[in-house]
Amino acid sequence: MPHSRQAEKPTEQLDGEHFMQKLAAFHEERGTTLEPSPRVHSKSIDLQKLYKIVLEQGGYDEVTRSRGSWRQIGLEFNLGINTAGAYAFTLKTVYYKNLAAFEIKDRHNKTPPPKEILEDLTARGGDLLTRTLETFRQAPAEDAEASGEEEVTTPNGNKMDIDEPGSGTGRSTRVSC
């Protein structure tokens, strides 16, 4: 006799409560912070809805490759047309910080890289699947030791952008005495 249990359904088809429980457990196991009710331009973002929409469009990599897709997804959340550029990147960041590693594990059945090279970095960069533990490489140890810092690189060896306080691109001024 067949029976349908929540755990047997694909994750994006779980009811909201079970989806959030599974996502929270994933973040807890990973040691990352889940923002269960993120906001974009004062609008609450339903993470399950966002996950489902992104997967229906082929996943994070496909949505990111397809010009204007994050803006279109924003329209699904009634974020407005006038601020499309601003909210598109913010929405992408919400996905990246809360759902990207989950997509790698849940949808692609791969091991996500450590949070230091995924959630702790910006959403800019290469495809999500190139950021898996299997494809990640640290910078050579001698280079990191010489500079006194640990450099984080992409799978191709390019330096990745890291969010650091005070690293904005604003103008700096000199003070003359």
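**Figure 1. Helices α2 and α5 meet side by side in this predicted model.** From α2, the residues L47, L50, Y51, V54 and L55 meet L91, V94, Y95 and N98 of α5, where a contact means heavy atoms within 4.5 Å. Helices here are DSSP runs of H or I with at least four residues, strands are E runs of at least two, and both are numbered from the N terminus. The axes of α2 and α5 come within 11 Å and cross at roughly 100 degrees. Each axis is a line fitted to C-alpha atoms, for helices over the stretch in contact, and angles run from 0 to 180 degrees between N-to-C directions. The two helices are therefore roughly perpendicular to each other; that label covers 65 to 115 degrees, while angles under 35 count as roughly parallel, over 145 as roughly antiparallel and the rest as oblique. Residues are numbered from 1 along each chain as its sequence is written. Because the model is predicted, local features need pLDDT of at least 70 and side-chain atom pairs count only at pLDDT 80 or more, whereas totals for chains, interfaces and linings use all residues; side-chain values use heavy atoms, with hydrogens and water left out.

**Figure 2. Helix α2 is mostly covered.** Follow α2 from residue 47 to 56 and you will find that 7 of its 10 residues are buried. Buried means under 20% relative accessible area, exposed means over 50%, and partly exposed lies in between, using a 1.4 Å probe and protein chains only. The buried residues are L47, Q48, L50, Y51, I53, V54 and L55. Their cover includes α1 (16–30), α3 (60–65), α4 (69–76), α5 (84–98) and α6 (100–106).

**Figure 3. The two ends of α2 have their own local details.** At the start of the helix, a side-chain oxygen of D46 reaches to within 2.9 Å of the backbone nitrogen of Q48. Q48 is itself one of the buried residues of α2. Just after the helix, G58 takes a positive phi of about 105 degrees.

**Figure 4. Helices α4 and α5 cross at roughly 90 degrees.** Their axes come within 8 Å. On the α4 side, the contact is made by W70, R71, I73, G74 and L75; on the α5 side, it is made by A84, G85, Y87, A88, L91, K92 and Y95. Look out for L91 and Y95, which also take part in the meeting of α5 with α2.

**Figure 5. S42 and N78 have positive phi although neither is a glycine.** S42 sits in the loop between β1 (39–40) and β2 (43–44), with a phi of about 65 degrees. S42 is exposed, at a relative accessible area of 59%. N78 belongs to the loop between α4 and α5, and its phi is about 55 degrees. With 55% relative accessibility, N78 also counts as exposed.

**Figure 6. Helix α1 holds both H27 and A24.** H27 is buried, with a relative accessible area of 2%. Leaving aside residues up to four places away in sequence, H27 touches T32, T33, L34, K97 and N98. A24 counts as partly exposed, at 33% relative accessibility. The C-alpha atoms of A24 and L34 are separated by 6.5 Å, with the two residues 10 apart along the chain.

Figure 7. Of its 177 residues, 36% are buried. Among contacts between residues at least 6 apart in sequence, 53% join residues at least 24 apart. The average pLDDT is 74, and 63% of the residues score at least 70; this score is the predictor's confidence in each residue, from 0 to 100.

Technical notes:
A polar contact is a pair of N or O atoms within 3.5 Å; within protein, one must be able to donate a hydrogen and the other to accept it, and residues adjacent in sequence count only if both atoms are side-chain atoms.
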